[in-house]
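Have a look at the model first.

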Amino acid sequence: MTFRPNKLPPRARLLAATGIASILMGVSLPSLAQSYQLTALARATSIDSLNNQTDTQSLNLNLINQPSALSPQTLDAKAHQGGGEAIALFQGNIGQLKAYAQASHPYCCDNQGRTIAQGYSDATVQASFFDTLKVAGAGLADGTAVNYKITIQIEGELSSPAFEIGGFLSAYAQAETRLTDLTSGEQVILRWEAGKQDTGMFSTSIDTVVGHTLGLSASVAVGTYVSSFATTSRGATADFYHSFNYALAPSIEGLNTVGLSGHDYMAPVPEPTSLALVCSGLGVISLARRNLLKRKVRSVNTQSRFRRNSAAWA
C-alpha cells in the first residue's frame, strides 16, 4: 500500500507547526558533517485549574553522529495532578521508532451537578531519525540506473472514541517518511495517519543512479488529550509501542543497504537486548491501561447517577 497525503486531525492542528514539521526540518536537510541523527521528545502534562496546579515532565534526546543512536533509547515522562494522569513513552533507535501516549482526567461534576474538577491531561511523543546511504555495490558502474524501495511496518491502535465533538477528548498518531536523492534532489514522501489508514505494511520507491547518495528521514508523532468536560470517556490512548520498522530493498541484489550510521536496512530490525527494558515499558503500559479502565467505570457510574438525578429534578 502507498501513502497518500491527508489532512491533519483536529487535535493535531498544532502539530503541523511544532511537531512533525519541526522534527523534519532538523533531520531532512543535514549538513555535510551530519551523517545520521536520532531525536525524540516525550511530554506529559496534567493541569488542575480549580487549584491552579500543574504537573509537567518533558524529556528529549538528540544524538547526532553518535553510535548510541544504534542502540535502543528510552524516554518515560509522567504527570499527575487533580486526579488526572498523563504518560508519554518512547523507545527507538536508527531504523525503528516506538511511541505510546495515554491521558485521563476526572469528570467535572458530581451527581448533584457541582463542579469538583476542572482541567485536562495531555501526553505527546515525537520522534525521528535520519540516515545517509551511498548507492554502490553489485559491481555496477557509476551512473547505472537503479531503484530503492522503502517499506514501513506499522503496528498499533487508538482507543475509541478517538475524538469528541468540542475537542474535549482526542487521540492521534501520524508518521512521515522521506527518501531523498541528495545528489539530484529527487524525493518521495510517505504519509500515514491513524483512523484514516489501517496499520500494516506501506511502501514507495525512488529512482536513482549508482554513485549518488540517498537520505532517509522518518518521523512519528502520537498524542492524547482529555479534558474534565469530556463525556464520552475519561481516558484516551495512542498505543504504537509495537513499533514503526523501516527497511530498504534495492532493485538489484548486492547494492548497498547499510547507512553511514552502520545500520543495515535489509536486515531484520533488532529488538532491545535488555529484557528488563522491555518488561519495564510493558509494565508501565499495562498499569496505565488498568488505571484507565477503572476511571472509565467510575466515570460511567458517576455520569449515570447525575443524569438520573437530573431527570428526577426535572
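This is a predicted model: local features need pLDDT of at least 70, side-chain atom pairs count only at pLDDT 80 or more; totals for chains, interfaces and linings use all residues.

P161 sits in the loop between β8 (157–158) and β9 (169–181), with strands being DSSP runs of E, at least two residues, numbered from the N terminus.

Residues are numbered from 1 along each chain as its sequence is written, and side-chain values use heavy atoms, leaving out hydrogens and water.

**Positive phi**

- N52 isn't a glycine, yet its phi is positive at about 55 degrees; the residue is in the loop between β1 (36–48) and β2 (53–64).
- N52 counts as exposed at 68% relative accessibility (exposed is over 50%, buried under 20%, partly exposed in between, using a 1.4 Å probe and protein chains only).
- A138, also not a glycine, has a positive phi of about 60 degrees and lies in the loop between β6 (119–134) and β7 (145–154).

**Aromatic pairs**

- The whole structure has 6 aromatic pairs (Phe, Tyr and six-membered Trp rings with centres within 6.5 Å; planes under 30 degrees apart are stacked, over 60 edge-to-face, the rest tilted).
- One of them is Y120 with Y225, tilted, at 5.2 Å centre to centre and 40 degrees between the planes.
- That pair links strand β6 to strand β12 (residues 213–227), with Y120 and Y225 105 residues apart.

Note on methods:
Helices (H or I, at least four residues) and strands (E, at least two) are DSSP runs, numbered from the N terminus.
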